[in-house]
2 protein chains.
Amino acid sequence: MNEVAGRRARGGGGSVRRAERTAVHFETARFIERNIPNFEILNEEALQIIEWNADTVLEEIGVNFPENPGALALWKDAGATVTGDRVRMPRGLARKLCATAPKSFTQIARNPARNVDIGGRNLVLAPVYGPPFVRDAEGGRRYATIADFQNFVKLGYMSKWLHHSGGTVCEPTDVAVNKRHLDMLHAHMVLSDKPYMGSVTEPSRAADSVEMSRILFGSDVVDNNVVMTSLININSPLTFDSVMMGALEVYAKAGQAAIISPFIVGGAMAPVTVAGTLTQVLAEVLTGVAYSQLVRPGAPVIAGAFVTSIDMNSGAPTFGTPEAAHITYGAGQLARRLGLPYRSGGAFCGSKLPDAQAAYETANSLNMALLAGVNFMLHACGWLEGGLVSSYEKFVMDADQLGTLHHLAQGVLMDENAQAMGALHEVGPGGHYLGCEHTQANFKTAFWRSDLFDYKPFETWDEEGARDTQTLASLRVKKLLSDYQPPALDEGIAEALDAYVAQKKASMPDAFF
Amino acid sequence: MNEVAGRRARGGGGSVRRAERTAVHFETARFIERNIPNFEILNEEALQIIEWNADTVLEEIGVNFPENPGALALWKDAGATVTGDRVRMPRGLARKLCATAPKSFTQIARNPARNVDIGGRNLVLAPVYGPPFVRDAEGGRRYATIADFQNFVKLGYMSKWLHHSGGTVCEPTDVAVNKRHLDMLHAHMVLSDKPYMGSVTEPSRAADSVEMSRILFGSDVVDNNVVMTSLININSPLTFDSVMMGALEVYAKAGQAAIISPFIVGGAMAPVTVAGTLTQVLAEVLTGVAYSQLVRPGAPVIAGAFVTSIDMNSGAPTFGTPEAAHITYGAGQLARRLGLPYRSGGAFCGSKLPDAQAAYETANSLNMALLAGVNFMLHACGWLEGGLVSSYEKFVMDADQLGTLHHLAQGVLMDENAQAMGALHEVGPGGHYLGCEHTQANFKTAFWRSDLFDYKPFETWDEEGARDTQTLASLRVKKLLSDYQPPALDEGIAEALDAYVAQKKASMPDAFF
């Protein structure tokens, strides 16, 4: 525990209790525990072919770990052949190394009711990550600022179906690149009580993330629990750059979780076919996860797959496409055979506006991710324009739709009440069920209902201004941000976080690269 | 063959050939043959419970066949207990009677390339059915006319991913109720060469549908083939009204196909629970299909399920909901166990506009229908506002999205080309695939691509007017309607159809009920 973190103890219970009494509580659904099967698109033979081919890739082609002599040494010791930056592995080595990674783990939140179990049949939902721009109906498209970032953290905190506060909900471009992570982590820690992600853009920023988490949770808690799940992208094809691997090393050593994830636009960073892309994804995931286990056996990881297709006319990535679905389904099967939690999916779209294109593409993506057995879904709301834009309206539109995934995942109840034979007898041919006893007893929980969409009769809707979904979403954004109240936080911890950020910012000049 | 139909022979081959030389040909995809598994949400125990309960409903509660002494007599002869209009069946009777219905059948079109095989692992897509209103961006919402009807038939004919011309693509409210069916059938027969549906609003109109089909195809062809698939709705709960049953009797006797389909808003026309609704759906489908087989053993039928949920606040039906998905998945399993083709799904939404709400709800519905094993999807494009409105823009938006279902259903190829090991070797770590030989050889067919959505860079899109999906769809509608050219049709047949319609219209006064 560093000096600043030491101030944690001085906050005392009284201020927490005072803060809790005055805070508004927003309801958050528990993470999804699926009671439905996964959709298995590949048969056993196809899975074996892909697994064999991935091992062939690792054996014959190999992977690059540039500018990372430490990693090369670890690989050599583990039995790989190292030539320059290239690492080639005997068949089966990577899979064997992956075996020490946990099948599932719990990421704790500062509010224990928000803890999430990642793996198994669960699905944890986190918001959009990474866009340099934001858009809303009134202000249009513009560079994102730290004020936008804070707004998105607030919206995420108030979103019932969102379990996780995420990471870079947008890039706060008005803050120096070397200091951004401090403000971002501060926002997640103070403005929300949901679990969050750490910085990965520099190993030292990953270290700051761990330090700030020590202030928030206490060092003992951080040493013995997962308090961050961070995003480690693989530089596809088959390259593991030293910045990302440096962040992975920091997190793995600290026992903190990492999503190890190829970032692939099919036809550009991977073969143009689904089977070829799955082969590369598996080779890359095997390598990244194996490397995390070389750094620290037992380090919690998530096998990721960010994969989409390309429009061969314009070169633009395309979303919600059937090929992306094939890959997402298949990669889920491969991850489950590896015994690892699986990250994929999101509210993906290529549209520039939160319009029908955006919603078709997003709904395609969300549905496939649920049925593909995804355990951690980053970008579950707010993603627009191929990930260049965090959209205020789309954030609340998507966040509302995430409710459908919760209800779908419940599966079909078959108890006596659900069988409803009494109601069928009571109503009989030609009757109606609206007033019957069984309907009265069950209607409140029977059907999922959007909190955003318009279900009114045409005439009422028309009188109220014939508003489209974007207009309704814009109103909802304003209402949520005006209703926002921060979750209670111990004053001493809040002060210590402020002090850590101030001290770190003062310790170096601004850098914008 | 009646007198008018007799003119068919006089058309001669010459006029067909002349017409074919001048006609523009629009590409239509073959119906979908799935190479992916179905999503099975119910386990064996749940299926057996629902099947047992459905038989209990038929045995203890029974179904009503009002104002239909002929039907009651058939049921009595078959071994049912008839009390007033109520028919109660010993356990297993209905299922036994269903066994003579074919597992699948071919509906022929006047262009043999457009024939569709309904059943098995196939999916046939047909447009929206029934709305009294239309909407487009410029004209807003208004009562539908026969001109609108003809426009939708034209759009359906030109839609690549639509296999079927459908039936009442909108209600032509400017034509007398007792004459509408003539103009509607005429439009399907003349303006399109895809398969179509017959009229069901009166037994005599069903008979007209058969007669006009005899003119189009020739009597021999109609006697020996399915040339119409018509929609017989069950008046849920458990009521089989005489108008719909009268139409069913006409079609079954003529060997023409019928979709026998409960029309259910859960909580109103069926129990508020999924299992209870599935029980009622199965009881109703068993009864309707069994009755078709009593009328004519071997009559081709489709087991239908139009089921959605209700908003308990407003009483409005809601679409794209998780409960609708549960029912659609479950009903598919029940239909397959009955060995019958399955009709369900559609481009369902409750939204008043073709906006994001419409697209989320629609994409949810389309995806579930594909994975639920649906064989015939009515309402696959154009549905808006809970089925009150046929939307021009949504018609082309949905029709474009149907392409994703075709590609999804292809499944994952695993041949040597698809495995792409040569490409992986060629490109290696850090390379890119855009220029490699394998990508060049495969890129044209590798990825589905929307013909409507905007895939351009932000700057280009912005310069072109920052158009949303509705605006792009509106332009596409105009372009398609201006490009439209009718498919070639023998002049003699065209004249005979005109004459039949004219003669029938002249034979009775207008009626608007």
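Select the charged side chains of chain A to begin: the mean positions of its 44 positive and 55 negative charges are 5 Å apart, where Lys and Arg count as positive and Asp and Glu as negative, with His and the chain ends not counted, and each charge is placed at NZ of Lys, CZ of Arg, CG of Asp or CD of Glu. The model is predicted, so local features need pLDDT of at least 70 and side-chain atom pairs count only at pLDDT 80 or more, while totals for chains, interfaces and linings use all residues. Residues are numbered from 1 along each chain as its sequence is written, chains are lettered from A and ligands numbered from 1 in the order in which they are written, and side-chain values use heavy atoms, leaving out hydrogens and water.

Next, select Phe65(B), Trp75(B) and Tyr329(B), which are among the residues with the most contacts inside the largest nonpolar core, a set of 336 residues (buried Ala, Val, Leu, Ile, Met, Phe, Trp, Tyr and Cys joined through side-chain atoms within 4.5 Å; buried means under 20% relative accessible area, exposed over 50%, partly exposed in between, with a 1.4 Å probe and protein chains only). Around Phe65(B), not counting residues up to four places away in sequence, the contacts (heavy atoms within 4.5 Å) include Trp75(B), Phe240(B) and Tyr291(B).

Now move to Pro237(A), whose peptide bond from Ser236(A) is cis, with omega near 5 degrees.

Finally, compare two residues of chain A that are not glycine: Glu67(A) has a positive phi of about 50 degrees and is exposed at 67% relative accessible area, whereas His379(A), with phi near 65 degrees, is buried at 5%.
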